[in-house]
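Please take a moment with the sequence and the structure shown here. We will walk through them together, one step at a time.

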Amino acid sequence: MSKLKNIFLLLFITIAAFSLTACVNAGETFEPTVSSPAPSSTTKPDDKVRFIAAGDNLIHGSIFIQAANRSKNGTYDFDYAYSNVEDYFNDFDVKFINQETLVNDAFAPSHYPQFSTPIELGDKVIDMGFNVIGTSNNHSYDKGANGLKSSLEYWNSKKDIINVGFYTGDDNADIKYLTINNIKMAFLAYTYGTNGLSIYDETCPNIIHCDNFDVIQRQVEIAKENSDIVIVSCHWGYEDTNNINDYQRLVAEKLNIMGVDVIIGTHPHVIQSVEWQTNDVNDNKTLICYSLGNFISGQSRGNNMIGGLFQFDIIKNYEESGNSRITIESPYFVPIVTHYDSGYSNIRNYLFKDYTEEMAASHGVRSNDPKFSYDYIENIVETIIPKEFLLYR
């Protein structure tokens, strides 16, 4: 019985060995299975553009006269006015500014209510790195057709600089594009009006009103077809109030439904809130800064001394399929302060993070507005700008 048991055991081992070798193709060596690492992703890394916007560059006579007095050669030296803030822009790829006054050489420099600004101011703006210039605002027609043409000629003559905000009748020419790091941005700019001034010159470009929705929708549709992201500057709202009015709300809602991605608001000369807006029509999401206030000015109210910079990152995410999508990340409002000494002397601006209680106490604006103080600035900033957007500490 033991002998028979051994025979069966030997037979079982032989059959098992034959079955194992039969699983291996002829000429191949059997090896144990070893897990291999997953193949590396073929997805392209994200592209990114860092964007920053400044508000109204409002060049009152006190500013250009001081620039003239600092010049060594009879021109205008604006370096001092911006020396405390200009390094902040170095880390950004796209830098937008609303140039509130006409930069031109057709007219002598002039003050409120009809501004004209020497071209050295434009040179300084470019020197600070601004490469997208908003020129559509309520002072665009201050010097008529010749002033506007001269200003546009100046900006158009500058390499790698785009100015945006006028209608020539050719949408393809009026919509401005800028491509950086494989991200194509489209820029449009509109204003609520021009202080009642008109230009009767068929050869001169015109502003587009913020509520000219037929033209705006056509331009936005073209811009969306030809870019990754659409950014619109709106010169709107009531001056000297931190409250957003119904007109702004209406325009913002229309632009959101049209598919605009970012709205940068200017004109009130004081700061207004920041928000994300969506809608029930197409779920488009728009980032809106309703007012950046003044970048610099020679105004006389404490609230006008408070402005802001608006920054965010534009991210282009690539999928394995080859498709891409755009996201806007890290949107922040950075408060700034325009400061001057007694009698509007030595006008310059600062990041609020670099400003002090002692400086606020010595501000020349206190002669007109005694309540102005460091706490006054901080209270307005923290009341108006939602905490999640605020960056200054």
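A residue is called buried when its relative accessible area is under 20%, exposed when it is over 50%, and partly exposed in between, using a 1.4 Å probe and protein chains only. By that rule, Y350 and Y355 are both buried. What you see is a predicted model, in which local features need pLDDT of at least 70 and side-chain atom pairs count only at pLDDT 80 or more, while totals for chains, interfaces and linings use all residues. Residues are numbered from 1 along each chain as its sequence is written, and side-chain values use heavy atoms, with hydrogens and water left out.

Let us turn to the aromatic rings. Rings of Phe, Tyr and Trp (its six-membered ring) pair if their centres lie within 6.5 Å; planes under 30 degrees apart count as stacked, over 60 as edge-to-face, and the rest as tilted. The structure holds 17 aromatic pairs. One of them is stacked, because the rings of F51 and F187 have centres 6.5 Å apart and planes at 20°. This pair links distant parts of the chain, with F51 in strand β1 (residues 47-57) and F187 in strand β6, 136 residues apart. Strands (E, at least two residues) and helices (H or I, at least four) are DSSP runs, numbered from the N terminus. F51 and F187 are both buried. The rings of Y350 and Y355 have centres 5.8 Å apart and planes at 50°, so that pair is tilted. Ring pairs also join F51, F187, F310 and F312 into a cluster.

A charge sits over a ring if NZ of Lys or CZ of Arg is within 6 Å of the ring centre and within 35 degrees of the ring normal. The charged end of K254 sits over the ring of F213, 5.4 Å from its centre, and the charged end of K285 sits over the ring of W276, 4.5 Å from its centre.

Next, visit the loop between β9 (271-277) and β10 (286-292), where N284 has its place. N284 counts as buried because its relative accessibility is 15%. A polar contact is a pair of N or O atoms within 3.5 Å; within protein, one must be able to donate a hydrogen and the other to accept it, and residues adjacent in sequence count only if both atoms are side-chain atoms. Such a contact, of 3.2 Å, joins the side chains of N284 and T286. N279 is in the loop between β9 and β10 as well, and is buried with a relative accessible area of 10%. A polar atom of the N279 side chain lies 2.7 Å from the backbone nitrogen of N282 and 3.4 Å from the backbone nitrogen of D283.

Is D105 buried or exposed? With a relative accessible area of 62%, D105 is exposed. D105 is in the loop between β2 (94-98) and α4 (119-127).

Finally, consider the open space. On a 1 Å grid over the protein atoms alone, a pocket is an open set of points with protein on both sides within 12 Å along at least five of seven lines, a cavity is a set where a 1.4 Å probe fits but cannot get out, and lining residues have an atom within 4 Å of a point. Grid points are joined across faces, edges and corners, and a volume is the space filled by probe spheres set on the points. The largest pocket has a volume of about 240 Å³. Of its 16 lining residues, the closest to its centre are H60, Y112, E239, H269 and Q299. The largest cavity has a volume of about 50 Å³.
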